[in-house]
Amino acid sequence: MASIKNLKKDINYTLGDLIEECYVYQLLNPKADVKASEALIDESIATFDDLIAKLNAKNVENKKAHFKGISLELETKASALVTKINAL
């Protein structure tokens, strides 16, 4: 099992990179409407907050399964966000 510290870093780096991609899109397309990319940034931040809250939960019976589920959830939500970013 990966450490909690590494899982927090994965969440931070993954979602941070997605937010950065939205900002790069805004810089490269100054005439495009920024509402769609701002919505993706807000969704990324909400996902980050949700995953960190789940990671810091204290009343978990099976920690290994709980953390594995968080890792899988990060992967699926990040993939969905990448798909939405590519659609911009």
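**F67**

I started with F67 and found its place in helix 3. The model is a predicted one. Is F67 buried or exposed? I noted a relative accessibility of 9%, so F67 counts as buried. The cut-off for buried is under 20%. I then took the C-alpha separation from F67 to S44 and got 20 Å. The two residues are 23 apart along the chain.

**L55**

Next I looked up L55, which is found in helix 2. With a relative accessible area of 4%, L55 is buried. What does L55 touch beyond residues up to four places away in sequence? I listed I4, L7, K8, I11, F67 and I70. So F67 turns up again, now as a contact of L55, and it falls under the 20% cut-off as well. I also checked L55 against S71, 16 residues along the chain. Their C-alpha atoms are separated by 9.7 Å.

**Nonpolar core**

I moved on to the largest nonpolar core, which has 17 residues. Those with the most contacts inside this core are L7, I11, L15, L18, L51, L55 and I70. Which helices supply at least two residues each? I noted helix 1 (4-28), helix 2 (35-55) and helix 3 (63-87). Leaving aside neighbours within four places in sequence, L51 is in contact with I11, L15, I70, E73 and L74.

**Helix 1**

I checked the length of helix 1. At 1.5 Å a residue, its 25 residues should span 36 Å. The end C-alpha atoms are 36 Å apart, which agrees. I then listed the buried residues of helix 1: L7, I11, L15, L18, I19, C22 and Q26. The gaps made me recall the helix repeat. An α-helix has 3.6 residues a turn, so residues three or four places apart point the same way. What covers the buried residues of helix 1? I found that the cover includes helix 2 and helix 3.

**Helix 2 against helix 3**

Last, I looked at how helix 2 and helix 3 pack. Their angle is about 180°, and their axes lie 11 Å apart. That angle makes helix 2 roughly antiparallel to helix 3. From helix 2, I recorded L40, E43, S44, T47, D50, L51, K54 and L55 in the contact. From helix 3, I recorded H66, F67, I70, E73, L74, K77, L81, K84 and I85. I sorted the residues of this contact into eight nonpolar, three polar and six charged.

Notes: Residues are numbered from 1 along each chain as its sequence is written. This is a predicted model: local features need pLDDT of at least 70, side-chain atom pairs count only at pLDDT 80 or more; totals for chains, interfaces and linings use all residues. Side-chain values use heavy atoms; hydrogens and water are left out. A nonpolar core is a set of buried Ala, Val, Leu, Ile, Met, Phe, Trp, Tyr and Cys residues joined through side-chain atoms within 4.5 Å. Buried means under 20% relative accessible area, exposed over 50%, partly exposed in between (1.4 Å probe, protein chains only). Helices (H or I, at least four residues) and strands (E, at least two) are DSSP runs, numbered from the N terminus. Contact means heavy atoms within 4.5 Å. The expected span of a helix is 1.5 Å times one less than its number of residues. Axes are lines fitted to C-alpha atoms, for helices over the stretch in contact, and angles run from 0 to 180 degrees between N-to-C directions. Angles under 35 degrees count as roughly parallel, over 145 as roughly antiparallel, 65 to 115 as roughly perpendicular and the rest as oblique. Ala, Val, Leu, Ile, Met, Phe, Trp, Tyr, Cys and Pro count as nonpolar, Asp, Glu, Lys and Arg as charged, and the others, Gly among them, as polar.
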